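Subject: Structure handover

Hello,

Here is the structure for you to look through. My notes on it follow below.

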Amino acid sequence: MAYTRYHNLAGSTAVTTKLIARGSKANDIKSILITNTHASNGSTITLFLQDSTSTVVKNFNIISTIALPVDNGFLIDDKALLSFNNSVYDLFITIGSGDTVDVLISD
């Protein structure tokens, strides 16, 4: 099962979005670029892994509630940080309800 590398997200329709589903064979992510595309407001972003394989769901933040100014991006390119067992973890992003962001995943 493949995953989508490019996402246009609007907080008005999806505050929390699954970027990579468990089992998508996404074990070799090289970078993730998150860009604030809103014309006039900053964005608030949390990127996290989620383990839902047991009865207790566990979240592990990669970035937690960062403020991203208008027309700015945030690049995560640490391979060790982005290396995760995709047979166990989903990758999610949470943005503010009025935010719009693009997410580009490079493998």
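The chain has an open sheet of 4 strands, ordered S2-S7-S4-S5 and paired in the antiparallel sense. Strands here are DSSP runs of E with at least two residues, helices are runs of H or I with at least four, and both are numbered from the N terminus. Two strands count as paired if DSSP finds at least two bridges between them. Strand S2 (16-20) and strand S5 (58-68) are at the edges with a single partner strand each, so one side of each has no neighbour in the sheet. From one strand to the next, the twist averages 20°; the axes behind this angle are lines fitted to C-alpha atoms, for helices over the stretch in contact, and angles run from 0 to 180 degrees between N-to-C directions.

Please note that this is a predicted model: local features need pLDDT of at least 70, side-chain atom pairs count only at pLDDT 80 or more, and totals for chains, interfaces and linings use all residues. Residues are numbered from 1 along each chain as its sequence is written, and side-chain values use heavy atoms, with hydrogens and water left out.

Within the sheet, strand S4 (residues 43-51) and strand S7 (residues 89-95) form an antiparallel pair over 7 bridges. Leu47 has Ile93 in S7 as its bridge partner.

The protein chain as a whole has 1 helix and 8 strands, and its elements run β-β-β-β-β-β-α-β-β from the N terminus on. Its C-alpha trace spans about 40 × 30 × 20 Å along the principal axes. The radius of gyration is 13 Å, which agrees with the value near 13 Å for a compact globule of 107 residues; it is taken over C-alpha atoms, and the globule rule is 2.2 Å times the number of residues to the power 0.38.

Of the 107 residues, 37% count as buried (buried is under 20% relative accessible area, exposed over 50%, partly exposed in between, with a 1.4 Å probe and protein chains only). His7, in strand S1 (residues 6-10), counts as buried because its relative accessibility is 12%. The C-alpha atoms of His7 and Thr65 are separated by 19 Å, with the two residues 58 apart along the chain.

Leu75 belongs to strand S6 (residues 73-76) and is partly exposed because its relative accessible area is 48%.

Regards
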